[in-house]
Each structure stands twice: as C-alpha cells, then as structure tokens.
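Biologist: I want to learn to read a ligand site and a single residue. Can we go through it step by step?

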Amino acid sequence: MILQKIETKNIVIIGTGGTIAGVGRVGNTSSYEAGQIEVNDLVDAVEGLSSLANLSTKNITNVDSCDITQEDYIKIANYINQSSEDNNIDGFVVTHGTDTLEETAYFLNLTVKTNKPVVITGAMRPATATSADGPLNLYQAIVLARSEKAIGKGVLVSFCDCIYSARDVHKVSCFKVNAFNQKDFGCLGYVRDDEVYFYNESSKLHTVKSEFDLKDVKKLPYVSVAYFFAGADVGILDYLSKTSNGVVIAGAGCGGSSKVWNKKIEELLKDGFPVVRSTRISSGLVTSEKSLNKYGICADTLPPQKARILLSLCLSKTTDLNKISDMFRKY
Ligand code: SIN
C-alpha cells in the first residue's frame with residue numbers, strides 16, 4: 001500500500017490583540033480588557049493546534065482594535081511581505097480585535113504581495129469567558145491557512161465556521177459569536193474540523209494583482225468619513241476638507257445627501273478635492289451615471305470604513321479623480 005505523505009505546513013501566527021487576547025471576570029462575556037495575552041500564550045493554551053502545523057508566533061501589537069493605527073497596518077503588511085519570501089513559511093494567521101478587523105483585512109488584501117494564505121480571525125468572547133470562541137476560531141484559521149485551497153484567494157477572514165473575503169466581510173453583531181457575514185454575498189465557504197470547503201471567490205483585484213505597494217511608504221494620506229443624517233450641518237465638510245486629504249460620505253440610501261451638502265460636495269470636487277460617496281445602509285451598491293464632478297467617486301459596495309482605506313491607498317498613487325474612480329471599480 002502506498003501511503004500518501006502529508007506535508008506539515010509552517011504557519012506564522014501574528015498577534016495584534018483584541019477580545020481573543022482579552023481577560024475579564026471568569027465566566028463573563030462582557031466587562032473585560034482586550035489585548036492582554038501575548039500570542040504565543042494564546043497558541044499554547046489551545047489543545048490540538050500543534051498537530052495542525054508547525055507554528056511560530058510574532059506579536060506586532062496587543063491592543064483593542066479601535067486603537068490599531070495606520071503604522072500598525074503598515075507594520076503587519078511589511079512583516080507578511082518580508083516573511084512570505086521565506087520558502088519555509090507556508091501561510092499566516094493574524095489574530096485581531098473584531099471591531100475593526102474588516103478594515104485591517106481589506107488593507108492587507110490590497111497591500112500584501114503574496115499568494116500564500118493570509119487569514120485573519122478573532123473572537124467575540126474573551127479568553128476567560130465560559131465557551132470562549134477564540135480557541136475554535138484560531139483552530140479553524142490555522143486549518144484554512146495551511147490549506148492549498150486558500151492559496152491565491154486574497155486575504156481571508158475565518159470566523160465561526162465560515163470563510164469570508166477581506167473585501168466583503170462585515171461585522172454584523174456587536175455581541176453574538178456569529179458576528180460576521182458578507183451581506184448579499186453570503187460567504188466564500190466553510191471550515192469544519194480539519195477540512196476546508198470553498199464555494200465562491202471575490203472577483204475584485206487583490207494581493208499580487210493590486211497596484212498598491214508599501215515599499216518606502218511611511219505614512220498614508222489621511223481620509224475621514226462624514227456621516228450624513230437629515231439636517232446634518234454642512235460645516236463638517238468644510239472642517240474635514242481642511243484637515244483631511246479626502247472625505248468619504250456615509251450617505252443616506254444610494255449615497256445621497258441634502259441640497260446644501262450636495263452643493264458643498266460639488267464645490268470640493270471642482271477644486272479637485274476627492275470625495276467618495278458610500279452609503280450608511282448595510283448593503284447595496286452606490287453607483288452613478290451622473291458626472292463625477294457633481295456627485296463624486298462612487299464606493300461601489302464598500303462601506304464607508306473600507307472606502308476610506310481604498311481612497312487613502314489611491315491617494316498614495318494619484319490625485320486624479322478619474323483615475324481614482326476607476327480604481328474604485330477594480331478593488
Ligand atoms: C476589539 O476589537 O479589539 C475588541 C472587540 C473584539 O475583539 O471583539
């Protein structure tokens with residue numbers, strides 16, 4: 001009988017903090033401090049992980065993900081880019097707070113230059129909670145990161161049995177363990193025990209096909225988000241246009257806003273100031289046949305927090321609004 005040799009993969013687990021590394025009152029799921037446990041201790045605490053792959057760890061930061069900075073994004077991406085050149089490394093898992101996980105995931109999706117699997121996970125319950133979800137999420141993320149099926153799929157999020165694309169994943173619950181989905185796009189697949197099942201793939205450009213490169217980048221242009229509501233003071237746009245390099249509007253419906261906001265947006269665009277229209281609605285497509293100079297760049301299906309990541313990367317390459325508009329269709 002010929003036995004097939006199963007190669008043991010080498011996976012690096014990168015810690016950044018979050019609830020998965022959180023500590024609180026034993027048993028409780030709320031009232032805890034995120035980012036307390038170092039990633040090597042997290043890995044050591046979960047039985048069975050070492051039989052999945054050869055694991056090594058790297059702590060990049062250990063914070064609540066609301067405190068993740070642009071410098072942290074760049075550090076994580078650069079670390080993955082450098083390490084992925086090592087033939088002995090097969091894939092990466094990033095442990096991260098869930099609150100801004102989708103933003104970091106999308107940033108990495110656009111800036112890491114490797115086909116090797118990069119999987120992000122986290123937890124909704126701290127490590128000290130009864131039925132903490134971190135151990136299983138970490139287990140499944142490693143199963144995904146060592147899988148040949150995850151190669152070339154872009155940055156992936158593994159959470160509560162499901163696989164999501166970094167571009168489309170969205171946090172949809174602020175306390176349930178099944179906290180993520182892709183809205184109209186479902187999920188890409190599942191992880192069950194030691195198996196990975198893929199059904200879908202994002203058609204948007206990512207990783208090695210992305211034109212964004214962090215080589216020599218120390219700081220990215222700053223983009224803010226202006227949340228529109230009925231009666232919103234237009235003065236916020238004046239302020240943000242002076243303090244930011246670009247603004248994303250979290251508009252009503254299909255990216256809409258009031259007459260005074262529209263007029264201000266048109267003036268900003270005429271001056272060449274980048275304005276992207278996205279929606280505060282949880283799903284749907286913001287697109288426009290109307291003129292770019294009047295209505296701005298459309299965020300497509302990106303929510304405001306992801307549209308600002310893309311606009312910031314676009315602005316690191318060009319300030320031409322037509323070129324930026326094209327980039328928003330590709331990514
Ligand atoms: C965080 O995002 O760091 C805290 C919340 C979480 O991880 O669920």
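Modeller: Start with T98: one of its polar side-chain atoms lies 2.5 Å from an oxygen atom of the ligand. That is a polar contact, a pair of N or O atoms within 3.5 Å. This is a predicted model, where local features need pLDDT of at least 70, side-chain atom pairs count only at pLDDT 80 or more, and totals for chains, interfaces and linings use all residues. Residues are numbered from 1 along each chain as its sequence is written, and side-chain values use heavy atoms, with hydrogens and water left out.

Biologist: How far from a ligand oxygen atom are the polar side-chain atoms of S65 and D64?

Modeller: For S65, the distance is 2.6 Å. For D64, it is 3.4 Å. Taken alone, the ligand exposes 250 Å², and the protein buries 95% of that (Shrake-Rupley method, 1.4 Å probe).

Biologist: Which residues are around the ligand?

Modeller: A residue counts if one of its heavy atoms lies within 4 Å. Here they are G18, T19, D64, S65, G97, T98, D99 and A123. By class, one is nonpolar, five are polar and two are charged. Gly counts as polar, Asp as charged and Ala as nonpolar.

Biologist: Now S83. Is S83 buried or exposed?

Modeller: Buried means under 20% relative accessible area, exposed over 50%, partly exposed in between. S83 has 12%, so it is buried. S83 lies in helix α2, residues 70-83; helices are DSSP runs (H or I, at least four residues), numbered from the N terminus.

Biologist: What is S83 in contact with, leaving aside neighbours within four places in sequence?

Modeller: Contact means heavy atoms within 4.5 Å. S83 contacts I89 and F92.

Terms used. A polar contact is a pair of N or O atoms within 3.5 Å; within protein, one must be able to donate a hydrogen and the other to accept it, and residues adjacent in sequence count only if both atoms are side-chain atoms. Helices (H or I, at least four residues) and strands (E, at least two) are DSSP runs, numbered from the N terminus. Buried means under 20% relative accessible area, exposed over 50%, partly exposed in between (1.4 Å probe, protein chains only).
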